[in-house]
Amino acid sequence: MHAFIMAGGKGVRLRPYTTALPKPLVPIGDQHAILEIVMRQLSAAGFTRVTLAIGHLGHIIRAYVGDGTQWGLEVEYAVEDSPLGTLGPLVMMRDRLPEHFLVMNGDILTSLDYAAVLERHRTSGAPLTVATHNRQVNIDFGVLTTDDGRITGFREKPSLAYQVSMGVYGLSRATLEGYTPGLPLGFDELVLDLLERDTRPATYEFDGYWMDIGRPEDYDRANTEFTTHRDLLLGSA
């Protein structure tokens, strides 16, 4: 099984932690980097090959990960000379990818079964499978419903539920056909294109542990929770 990890972003929202380190290498707990946890999880799930898309401070990631043998993985690199979006690097190396593969961000902590996501994608027949998680958004204001200048409804500080993307996808090589190598391609653009063509992506709903470490408060929380969730994330490793 093959996983493609996006690790080329600048991590602007996580500054100052990412001033000297790429976001996937910021430490979690006392011993591990985020990317190390992900690599251990992929290996334990049966993945054998990983492609790392690197850009900003990519030489540090390359020095840390090497060829992946420390985790029993075969690692190769896709270097972004300019930002290509979430999926642009995949288009660049489309002909070297297997028929079905996993795509994920390199800055998430989750107990998600990556192999199960890829297997669901293989059997779904969908062009794209998105791992999703339920999130509650609390609105700090009274929300009005209006029509023609009149209030027709009112909810005081409602809580709204959404299914959000976890940053983990099952993808097929054929889905990338028709896109031009070297041009940026975002996940949002691909999803909208698929919907417009009435080829709907599938979902893999997950209600376990998941954190997208995009902001300093998320990072602080991840460090606080890691001791409690270490066995969930790493097993006995």
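This briefing describes the nonpolar cores, ring pairs and selected side-chain contacts of one structure. The model is predicted: local features require pLDDT of at least 70 and side-chain atom pairs pLDDT 80 or more, whereas totals for chains, interfaces and linings use all residues. Residues are numbered from 1 along each chain as its sequence is written, and side-chain values use heavy atoms, with hydrogens and water left out. Helices (H or I, at least four residues) and strands (E, at least two) are DSSP runs numbered from the N terminus.

**Nonpolar cores**

- The largest nonpolar core has 33 residues, and Leu42 and Leu52 have the most contacts inside it. A nonpolar core is a set of buried Ala, Val, Leu, Ile, Met, Phe, Trp, Tyr and Cys residues joined through side-chain atoms within 4.5 Å; buried means under 20% relative accessible area, exposed over 50%, and partly exposed in between, with a 1.4 Å probe and protein chains only.
- Elements giving two or more residues to this core include strand 1 (2-7), helix 1 (34-44), strand 6 (100-105) and helix 4 (114-124).
- Leu52 touches Ile5, Ala7, Leu35, Ile61, Val65, Val75, Glu76, Tyr77 and Ala78, not counting residues up to four places away in sequence. Contact here means heavy atoms within 4.5 Å.
- A second, separate core of 22 residues includes Ala53, Leu97, Val130 and Tyr179.
- In soluble globular proteins, nonpolar side chains tend to be buried together.

**Leu73**

- Leu73 is found in the loop between helix 2 (58-65) and strand 5 (74-79), and is buried with a relative accessible area of 3%.
- Leaving aside neighbours within four places in sequence, Leu73 is in contact with Met39, Ser43, Phe47, Thr48, Val50, Asp67 and Gly68.
- A C-alpha separation of 8.7 Å is found between Leu73 and Leu42, which are 31 residues apart along the chain.

**Buried polar side chains**

- Thr51 belongs to strand 4 (residues 49-54) and counts as buried because its relative accessibility is 0%.
- The Thr51 side chain makes polar contacts with the side chains of His2 (2.8 Å) and Glu76 (3.1 Å). A polar contact is a pair of N or O atoms within 3.5 Å; within protein, one must be able to donate a hydrogen and the other to accept it, and residues adjacent in sequence count only if both atoms are side-chain atoms.
- Beyond four places in sequence, Thr51 touches His2, Ala3, Phe4, Ile5, Glu76, Ala78 and Met93.
- Lys23, in the loop between strand 1 and strand 2 (27-28), counts as buried at 14% relative accessibility. A polar contact of 2.6 Å joins its side chain to that of Asp107.

**Aromatic rings**

- Two aromatic pairs are found in a search of the whole structure. Rings of Phe, Tyr and Trp (its six-membered ring) pair if their centres lie within 6.5 Å; planes under 30 degrees apart count as stacked, over 60 as edge-to-face and the rest as tilted.
- The Tyr64 and Trp71 pair is tilted, because the planes lie at 35°, with ring centres 6.5 Å apart. Tyr64 is partly exposed at 33%, whereas Trp71 is buried at 9% relative accessibility.
- Tyr169 and Phe187 have ring centres 4.4 Å apart and planes at 20°, so this pair is stacked. Tyr169 lies in strand 11 (residues 159-172) and Phe187 in helix 5 (residues 187-196), so the pair ties together parts 18 residues apart in sequence. Both residues, Tyr169 and Phe187, are buried.
- The charged end of Arg62 sits over the ring of Tyr77, 4.4 Å from its centre; this requires NZ of Lys or CZ of Arg within 6 Å of the ring centre and within 35 degrees of the ring normal.
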